[in-house]
Amino acid sequence: MGEKKKKKDKSKHSIVTFADEHQSHPTFKKGIPPADQHPKRSSIQSPMDGHEMPHLKTATDHNPNQIKIGHSLPPIILYENCAPPIPVNIRDLFVNARLGILFGLPGAFTPVCSTNHLPSFLKDFDKFKHRGVDVIACVTVNDPYVATAWGYYQNATNKVKVLADVLCEFTKSIGLDTNMYAQLGGIRSKRFAMILENGIVKYLTVEDNPQKTSCTMAGHVLEALDNRYHDSAKDNPFAEWYYHGKGPNLPPFN
């Protein structure tokens, strides 16, 4: 008698792949299951999923060292472009600008920064130039390659300088860093906007939640310019001095 063929024990050492389970599906092609048959995802959501993630409150959210009106920017090197990266001394950039706008955001290619914040300044670029603004710069805690690619993608060239704060050194030095490990994997910048005259801060506004945009949008900053930094005057006598028209000879706001 011939030896009986030994049946394989499928209960042990058998491997059932994801593709095996879907080979019978009529739309199955090349080992890829149809979209509606994908396994359920984990309950952990990515920041890109369109679901708002909780903002972690940390000590950096109420930093006593936060830059204030009347302060000058620290002489820290940021980077513009990437072939090769060009070092930019942030203090020198604004000291040489009679009137400048600096805004910061959590990161390049993130949803709110890409659809709302930076585009608002690009859209209103001509309005800022009409009001005598010499330079507009955006600071993001990214490497210069990502920051430059984002700037090109947003068509920011010759309008807004996208500056990479690679080690978060500048952002920390002005006390506007925040813990975003849950959303972006590290320390990032709060969402802020400021108006500077020859490198001196005249107006500063910071969002309560970096995942939202309201007071830091270009329209609000334009309003502050038109009102001689009126919002800052509420809590800062130095800004009030400017609000009452005792500041430098600025171009007419119309």
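In helix α4, the residues P144, A147, T148, W150 and G151 are buried, where buried means under 20% relative accessible area, exposed over 50%, and partly exposed in between (1.4 Å probe, protein chains only). Because these residues cover an arc of only 160° around the axis, they are on the same side of α4; the arc is that of the directions from the helix axis to the C-beta atoms. On the other side of α4, Y152 and Y153 are exposed. Helices (H or I, at least four residues) and strands (E, at least two) are DSSP runs, numbered from the N terminus.

This is a predicted model, in which local features need pLDDT of at least 70 and side-chain atom pairs count only at pLDDT 80 or more, while totals for chains, interfaces and linings use all residues. Residues are numbered from 1 along each chain as its sequence is written, and side-chain values use heavy atoms, with hydrogens and water left out.

**Surroundings and ends of α4**

The buried residues of α4 pack against β1, β3, α2, β4 (135-140) and β5, contact meaning heavy atoms within 4.5 Å. At the start of the helix, a side-chain oxygen of D143 comes to within 2.8 Å of the backbone nitrogen of Y145. Just after α4, N155 takes a positive phi of about 60°.

**Aromatic pairs**

A pair of aromatic rings is described by the distance of the centres and the angle of the planes. Rings of Phe, Tyr and Trp (its six-membered ring) pair if their centres lie within 6.5 Å; planes under 30 degrees apart count as stacked, over 60 as edge-to-face and the rest as tilted. By this rule the count comes to three aromatic pairs. The rings of F109 and Y153 have their centres 6.0 Å apart and their planes at 45°, so this pair is tilted. F109 lies in the loop between β3 (100-105) and α2 (111-123) and Y153 in helix α4 (residues 144-153), so the pair ties together parts that are 44 residues apart in sequence. F109 is partly exposed, with a relative accessible area of 37%, whereas Y153 counts as exposed at 61%.

F121 and F128 form a stacked pair, 5.6 Å centre to centre with 15° between the planes. Both F121 and F128 are buried. Together with F103, these two residues form one aromatic cluster.

**Backbone features**

F109 also has a positive phi of about 65° although it is not a glycine. Phi of C168, likewise a residue other than glycine, is near 65°. C168 lies in the loop between β5 (161-164) and α5 (169-173). A cis peptide bond joins A83 and P84, with omega about -5°; P84 lies in the loop between β1 (77-80) and β2 (86-89).

**Cysteines and S189**

The structure holds zero disulfides, a disulfide being a pair of cysteine sulfur atoms within 2.5 Å.

| Residue | Relative accessible area | Class |
|---|---|---|
| C82 | 24% | partly exposed |
| C168 | 4% | buried |
| C215 | 16% | buried |
| S189 | 1% | buried |

S189 is found in strand β7 (residues 186-189). Leaving aside its neighbours within four places in sequence, S189 is in contact with G104, L105, P106, V141, T171, L176 and T178.

Technical notes: Polar contact = N/O pair within 3.5 Å; in protein donor to acceptor, adjacent residues only side chain to side chain.
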